[in-house]
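Please look over the two chains shown here before reading on. The briefing that follows takes each chain in turn and then turns to where they meet.

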Amino acid sequence: MLSFIVRRLLSGVLTIWFIATATFFAMHAVPGDPLTQDKAMSPAVRAQLEARYGLDKPLGEQYQLFLGNMLRGDFGISFTQENRRVNDIIREHFPVSAVLGLAALAIALVGGVAAGSVAAHFRNRWPDRVVMFAVIAAISVPGFVIAGLAQMVIVQLNQLAGTTLLPVAGWGSASHIWVPALVLGLGTMAYLSRLGRASMLEVLSSDYILAARSRGISGGRLFWRHQLRNAVLPVVTELGPSIAAVTTGGFVVELIFAIPGLGRYFVQAVQQLDYTVIMGTTVFYGAFLVLVVVLVDISYGLIDPRIRLTQGRG
Amino acid sequence: MLQSVFVAILGALAVTAQAAAVDAQARSISLALATEPPTLHSARATDTIASFVLAHIMEGLLRYDASGELQGGVAERWQLSEQGARFWLRDGARWSDGRAVTADDFVFAWQYALRPDTASQYAFIFYPIKNAQLVNEGKLPPTALGVKAVSARELVVEFEQPCPYFLSLTAFMSYMPLRRDAVEQWGRRYAADADTLLFNGPFVLDKWVHGAELLLRKNSRYWDAASLRIEQIHMPYITADPGAQFNLFRDGQIALANLDTGLLDEAVKRGYEIRHFHSGSLFFLEFNFRPGRITANRSFRKAVQYVLNPDALVNKIIGLPGVLPAYSLFPVTVRGHQKPFREEYPALRIEQNLSVARRYLERARRELGLETFPPLMLLAGDSPRALQEAEYYQYLFKRGLGLDLRIDQQVFKQRLEKMRRGDFDIAAAAWGPDYDDIMTFADLFASWNDNNRGRYNNPEYDRLVKLAQRSGDPLRRFSAMARLQDLVADDVPILPTYENAMLYVQHPKLKGVRRSVFGGDPNFRDAWIEP
Amino acid sequence: MAIPVFRFAPWQPPEPVQASVQQPSAQWRPSLSLIAAGTVALAMLLLVALGPLLWQQDPSQQWLSQISRGPTPALAARVVDGERAARLPISPARRLEVLESNTERVQLRWPAPSGVTRYRLYRADARQPGRGLPLWQGRELSYEDRLQLRRKLYRYTLVDADSGLLLFATETRPEPAISVFEAQLQGLLAVADGPHPNYVMLPAHPLGTDALGRDLLARLMAGGRSSLFVGIVAPLLFIGFGSLFGGLAGYIGGGFDQFAMRLADFVVALPFLLFMILLRIVFGIGPGENGIMPLIVAMLLLSWPSSARLIRGQVLALRSQPFIDSARLSGVGTPRILWRHILPNVLPILLVAFSFAIPQAIFTEAFLSFIGMGVSPPSTSWGAMCNDGIKTLLSQPRQLLWPAAMISIAVLAFNILGDGLRDLTDRRGGGQGH
């Protein structure tokens, strides 16, 4: 068990190195640099700026410097947010994305498993069809449309009620979380409900459920003790990528709902070619993802003892 | 019934209500920002958001009043001559920590902005001051700059060459004062947060939550605090999405929202009063004059000029009231001698004509010795409007001239880099004025200007610009500029397309907001809320 | 931004704990929804492939005189000289007078009431209350309105700009018109100075036009070509490459397997959207390219690992099956084993993966085009059309709804198709589905 964790973590470190290297060179291959500005800059000013950010050094040396700093956990200073350290940006804005993402995930998980269970229970009858069609329809509408529509709905609702029921945008109180989290979690919810339905079906037809039934266990106990626990398993394996997706993936939602999350900084940095922020956020997200995957692997083993961790993921 | 239940459930979920767009009791307004200001360091800031915030929390020697005229800011009196300027600072001007704003604070700020290691991108705006360029290039020490504090309350500026527009420069953010002790104490952290910054303007920055919120409060130590009628400006939303801003406005959360094409009809339908103001910026097509480019051929450029109609672009495609078709290098907002320049010297308007355009094109083909024209590259921005515009040109070139125009759509930095390298035939570009004088547009295509990305080089153009720069006589200056305007229409170094306008909706109770090109936009210094 | 990434993610069965081996059985009973979805998908392909033969409008032709219109029939339009404004009559105006009214320009003039120095002119839809859009403010006594005029009843309102008091109002319905220049540009008039016919015929637009006056129907078909091309070719490539690579890794095993899976881990860990954008910028768009190839290459580079893992798992499981062993023992060569025994067993899974990858690819293309990093004009795609249309969602919803509906229908069809196929393979596999 321990050696498995160590091995996973080691390969995780290697993965992070790979992400960092690939991002670094891909980023530098893009024409222009973060210093490029609207107005022409005198060569003296440019030279000063290049020296400040170390852009005057050869690429190889910059790469070495970057790796050294990364090992010390320092990603340097942002180019566009001139006085802010990338570490500060991540520290201040990642929690926002994380809270939003976790709320989205919670909504998705509860909604997804519930919808999946309902669908499985009524297999091939109308509730099943309705749920599954809704799910596919939800995946089939582009996300950028849903976010905008959701906001318009809130405005209409507030005007209908004549008071502010739900804030249209912004961040800071619990009431700000609901709608963006729902929008963000919708896709995941649809995805998880399909998973949930499939695994619930599998569980329902499995021998031990039949055996349990024959022993007279039924109703709530059967559902909670036997069906749900086993049906949730495949859902949990998919949580890893889902966590990553919802915590890193809220850019559109963050933009439209004016939420100060990290995703917005990330995309802004790509457009502005803000080298340090791109590197910082990419490596941070990569590390986060790796950690989540390892944790999921472990939790998978805890939920289902049939899986021997020493075998790895093949 | 069902509806009210639903409403009740939602009401239970909603924990707090947001501050309203305007609050007459608290004299408070709420706004949304498009982006967070990258920095509030006045010597280093470059963007419009920082300019807006700085105009409220800082004050330069002069400032713009509600009607857009220059008024005394920190300076009480001033004198301007061809050789230089002299300012007398008012007694009551104080920093937010209670100390007086002195002439030394300006000397320090200007020297600081010009020091090469500050790497200020707006350093050029100090170049009318004696030795400024040399200081900026590191060839002279900062103390050699032509600005001296005669006493704590008297500042003397020496010019490099006559600068009739110097007073308007002193209202620009780079010219705002800096306190040496504060800048040195906080070093790189200066102006990174609300508590590492000193204020001398009508408001103080009370709160700055990065990426989320800014809060300005009235500065009780401001010398003219008695005249302020707004107590606080709250900016709890940062989003660049115009749709989101409009929704916030509809919901009564913010007092001001900019509109784009798609929101215009909706705003009209809801009965909002639509306002607009000229943003002072010029959009144009820039041709590449580097050797071997087809666009370096005058006949070719004339052909393009005769096929492209700014009026059709503005009225049919952009479709926003207030946006004007451009026929000159100088937008209508540029000042002339007594009236706006364009009223004193009207621009020549070329009438669109397909047969003339095709004749010019045929001539260009012969002059260039070409069998057929190769495809041309149009470098365009990535905004929806930029793309639409580019597609229009592409179609116009294809149908009107039989030319293939390929759209090279690039995000901001890459587009600038490609322009700098000259990696284009035609580029869709824009220019916003930096200071309130015709020269901010005129010297743009002088051969020495680094912003002349097409490398246009015309001795006559250069001569006219120099003539105007060296002359202190307004009539000579503006007649040279009128000849420059004709030269641009005749030789087509660029093809003006439109002059931009900002459309917006504003809370009906909010009055006295100044929207303008210079001095921070929008400006709430003289605003008030009707009860 | 990665919501789409995730939301667009295909259905992928979690890595099999124990791979199921399908026993071939002849139980092929497609459900009704499967047939419907297949028909829809086929119809879409036919529409984009054959539609342009039936509706022969040029999808990039811009009718500036007909911008953002709803469905319009063919109509006759007056040819007006766009540049030369009508001369004002000498006799003084007595009220707000309309001198000329067509979709190229509406010319207005008015008398000067005493005490008024500045005027403001508004234009509104006559059926709606309010003054509407502020067009102009100034001191002159006439105005020529050219701003996106349509064939509907307008109300013009003139007010005193200083006091805000209403001075005059009038209504007018502009008649259809086209400028000489545009008529020449569209080939409706000969390029020559001098007299020209007074009317020309403008073509019909069954679905209306977009913000540049282009025929929506023609663009939907042209856009569908790019979208479906990317949607089908990209998955073919990355699933083909992925399964080849993964299959070999699984079959060969050992060091190669280790290397392949490590590589897959790396690529999976790359932030998908960031790399799509980075790769897209790195590749750039060369002269004359429509931007589709860089898109497909970027998708290939980033999307192969999932199918590689899937197939590798299957092959690993199959390799140890008795029937493969017996084949190998009886001297059948490796290529033949792969072809005869392995491929038929993984084919159903591949088919399912493929049908789920199509919507993902369509969505990825749509999203990239939506943020302006997809196809390059004059080519278009449904995503690019959404991008054009979303700005006018409130006033011209059809410009977004048509392409968005096409994306949704296509994605829905392929998702249902994938679902149905998976159910089929599951059933054949003895209900061992996920």
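From the N terminus on, the elements of chain A run α-α-α-α-α-α-α-α-α-α-α-α-α, and its secondary structure comes to 13 helices and zero strands, where helices (H or I, at least four residues) and strands (E, at least two) are DSSP runs numbered from the N terminus. This is a predicted model, in which local features need pLDDT of at least 70 and side-chain atom pairs count only at pLDDT 80 or more, while totals for chains, interfaces and linings use all residues. Residues are numbered from 1 along each chain as its sequence is written, with chains lettered from A and ligands numbered from 1 in the order in which they are written.

**Chain A**
- Of the 314 residues in chain A, 46% are buried, meaning that 20 or more other C-beta atoms, placed from the backbone, lie within 10 Å of the residue's own.

**Chain B**
- Chain B has 17 helices and 20 strands, and buried residues make up 52% of its 531 residues.
- The C-alpha atoms of chain B fill a box of roughly 75 × 75 × 40 Å along the principal axes.

**Where the chains meet**
- In chain B, 50 residues are in contact with 48 residues of chain A, a contact being two residues whose C-beta atoms, placed from the backbone, lie within 7 Å.
- Helix 1 (2–13), strand 11 (232–238), helix 7 (242–250) and helix 14 (412–421) of chain B each give two or more residues to the side that touches chain A, and helix 14 of chain B gives the largest share, six residues.

Key. Buried ≥ 20, exposed ≤ 12 C-beta atoms within 10 Å, placed from the backbone.
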